[in-house]
Amino acid sequence: MKNSSKNNPVQSENPHPEHQKLLKVRQKAERLLLEGRYAESIDLLNSILSFGDARNLKGVCQLRMGAFESAVQNYRPLVLDSRTSMVHAGVPDIHITNFATALLLSGRPEGCLEILASVHAPDSPLVIQLHEAIRQWSKTLGWWDWFNWKVGKMSPSHCVVPVTFLPGTYESQLPLILDTDTAAIQSAHDSACRKTAI
């Protein structure tokens, strides 16, 4: 999923040369993500992790390439306070839901639900989809596993919870007017989002 941002640096046109240099790297990484070249995108993002939402975009790449445990480790310091294990104040819902998605896809549905309790918009489509994925998964459990889940939110070891959406949400930092090649890439990506089921 890709969102537009009111605070898009492309729109704000920060004149600082260093900012523009980092932004170009960030934009190139997003284009690589749209092309499905996740490892190459991550290589670029690792050089600018402290810039804007680069760490979130890295996590999106990890989710889409199936590196779920790596995504969990990437999002944990972004979302949780290391001293209290509580969600940082002011963390955007995009980061929280991506972290919850990483926990779910890495076999931790209970962790996913715990993190989702901190979102600011619990009725958002993605939050609803995550809850529905867990609800549908719970119907497939054997009696004893179902009982443990319902009573103590204990999931079976190595459980797999399928989702029906392309994982990972981010705010686009590409120019609003895309060139022909990028527009074609975006069209293909949007089509994949409609067809892909993980």
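**View 1. Aromatic pairs in the predicted model, with Trp-137 and Trp-149 as one of them**. The structure, which is a predicted model, holds four aromatic pairs. A pair of aromatic rings is described by two quantities, the distance of the centres and the angle of the planes. For Trp-137 and Trp-149 the ring centres are 5.1 Å apart and the planes stand at 85°, so this pair is edge-to-face, since an angle over 60 degrees counts as edge-to-face. Trp-137 belongs to helix H8, which covers residues 125-138, whereas Trp-149 belongs to helix H9, so the pair ties together parts that are 12 residues apart in sequence. Trp-137 and Trp-149 are both buried.

**View 2. The stacked pair of Trp-143 and Phe-147 in helix H9**. Trp-143 and Phe-147 form another of the aromatic pairs, with 5.4 Å from centre to centre and 10° between the planes, and this pair is stacked. The two residues are four residues apart in helix H9, which means that about one helical turn separates Trp-143 from Phe-147. Trp-143 counts as exposed, because its relative accessibility is 60% and the cut-off for that word is over 50%. Phe-147, at 32% relative accessibility, counts as partly exposed. Ring pairs also bring in Trp-144, so that Trp-143, Trp-144 and Phe-147 are linked into a cluster.

**View 3. Lys-153 over the face of Trp-149**. Lys-153 lies over the face of the Trp-149 ring, at 5.2 Å from the ring centre. Lys-153 is placed in the loop between helix H9, residues 143-152, and strand E2, residues 170-171.

**View 4. Positive phi at Lys-153 and His-158 in the loop between H9 and E2**. Most residues other than glycine have a negative phi. Lys-153 has a positive phi of about 50°, although it is not a glycine. His-158, which is likewise a residue other than glycine, has a positive phi near 60°. Lys-153 lies in the loop between H9 and E2, and His-158 also lies in the loop between H9 and E2.

Technical notes: Residues are numbered from 1 along each chain as its sequence is written. This is a predicted model: local features need pLDDT of at least 70, side-chain atom pairs count only at pLDDT 80 or more; totals for chains, interfaces and linings use all residues. Side-chain values use heavy atoms; hydrogens and water are left out. Rings of Phe, Tyr and Trp (its six-membered ring) pair if their centres lie within 6.5 Å; planes under 30 degrees apart count as stacked, over 60 as edge-to-face and the rest as tilted. Buried means under 20% relative accessible area, exposed over 50%, partly exposed in between (1.4 Å probe, protein chains only). A charge sits over a ring if NZ of Lys or CZ of Arg is within 6 Å of the ring centre and within 35 degrees of the ring normal.
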